[in-house]
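Please look through the sequence and the model before reading on.

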Number of protein chains: 2
Amino acid sequence: MARWEPNARERLASSALDLFAERGYEGTTAAEIAARAGLAKSTFFRHFADKREVLFAGQDLIGEAFAAAMRACPPSATPRELLHAALAAAAFAFGDERRAWVVRRQAVIDDNTELRERELLKRASLTAALESALRERGLGERLAALAAEVGSLAFRGAFARWIAPSNARGYAELAREELDALASAAASLG
Amino acid sequence: MARWEPNARERLASSALDLFAERGYEGTTAAEIAARAGLAKSTFFRHFADKREVLFAGQDLIGEAFAAAMRACPPSATPRELLHAALAAAAFAFGDERRAWVVRRQAVIDDNTELRERELLKRASLTAALESALRERGLGERLAALAAEVGSLAFRGAFARWIAPSNARGYAELAREELDALASAAASLG
């Protein structure tokens, strides 16, 4: 019979981060991550396909939030308004109380080639989620692909600014600013 | 003493493609690829870090061609002119005589998750090569990142159209058209 495992994903992610920081990514196994979280190894693999996935648990939720926010926009929304709504909807993942964790997580990722590759693949998935939601909203193929890349760049730019040591501003405000700045830059290419 | 191994990279890539198509990617080893090409296994690993790399031998050359072309542009070149020059410089890889091979290669990649992931990572490297060359040309951080994504999208779009069964047009012309269309779309986001 399965044990009751409240917040198993979060506990596993948090234990993984501790162990990666202590022993390095290569020196840590999925079994050790589960043990540190007080969970069985089988529980780990019920939640994550492999060790690389454990730090990216939240990314699918962000992609879903992007898409849901765009679906909720009025029919009159412009591509830029759709992107603003999408980026704003990811704010749940970037509250002040999560900042220290996100900063530690990023340092571990930046330090390991395999995790950096996984991050690039997750980034491509997020961009694809944006593109697919923009297509659903009736944008043509080329504009949807382009707007998705712009949204993705704005998201990464806002994220990078949000985790910077000197930053005191909120993610939502930074995302809005990044997107507007990128849209202006885009206009200069036309 | 090392044997003389003319065109070892091309021969290995060609043998790999044959074997991947015959036996599948998973069912083929680096040693078998080398044997088919009439080369030693050690020769394979002198040219490629692993089995996944063998189909992506040309990508670094394309990144270098992008950068060299931008460096050769006059100081007055606009971001869009820099991108046009970069994309045009990749035409060496997409001559008519290479089309059948490129089409077969793409079918093998599309059919395998691991190769698709590798392709996404190579795509990110190409975008980074564009971005870095645009920064060298004095573009600001945000505009360089954006223009690199636009260039990368135009490159992928031109490539997809070039390998389409119904296509009779050349890569260079398609790349020019894609970039202009994307730049117009970009303007509409501003």
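Predicted model: local features only at pLDDT ≥ 70, side-chain atom pairs only at ≥ 80, totals over all residues.

Residues are numbered from 1 along each chain as its sequence is written, chains are lettered from A and ligands numbered from 1 in the order in which they are written, and side-chain values use heavy atoms, with hydrogens and water left out.

**The interface**

Chain A gives 27 residues to the contact and chain B gives 26 residues, where contact means heavy atoms within 4.5 Å. About 2400 Å² is buried between chain A and chain B, and carbon and sulfur atoms give 73% of this area. Buried area here is the accessible area (1.4 Å probe) that two parts lose on being put together, summed over both. On the side of chain A, the residues losing the most area to chain B are R142(A), L146(A) and L189(A), together 30% of what that side buries.

Between chain A and chain B there are 4 salt bridges, a salt bridge being a side-chain nitrogen of Lys or Arg within 4 Å of a carboxyl oxygen of Asp or Glu. R156(A) pairs in this way with E149(B), with the closest N and O atoms 3.4 Å apart. The side of chain A that touches chain B draws two or more residues from each of α5 (79–88), α7 (113–136), α8 (141–163) and α9 (171–189) of chain A. Helices are DSSP runs (H or I, at least four residues), numbered from the N terminus. The largest share of that side, 10 residues, comes from α8(A).

Over all chains, the structure holds 30 salt bridges.

| Pair | Closest N to O distance |
|---|---|
| R80(A) and D180(A) | 3.0 Å |

R161(A) is partly exposed, with a relative accessible area of 25%, whereas E178(A) counts as buried at 5% relative accessibility. Buried means under 20% relative accessible area, exposed over 50%, and partly exposed in between (1.4 Å probe, protein chains only).

A network of salt bridges links R142(A), R161(B), R169(B), E173(B), E177(B) and E178(B).
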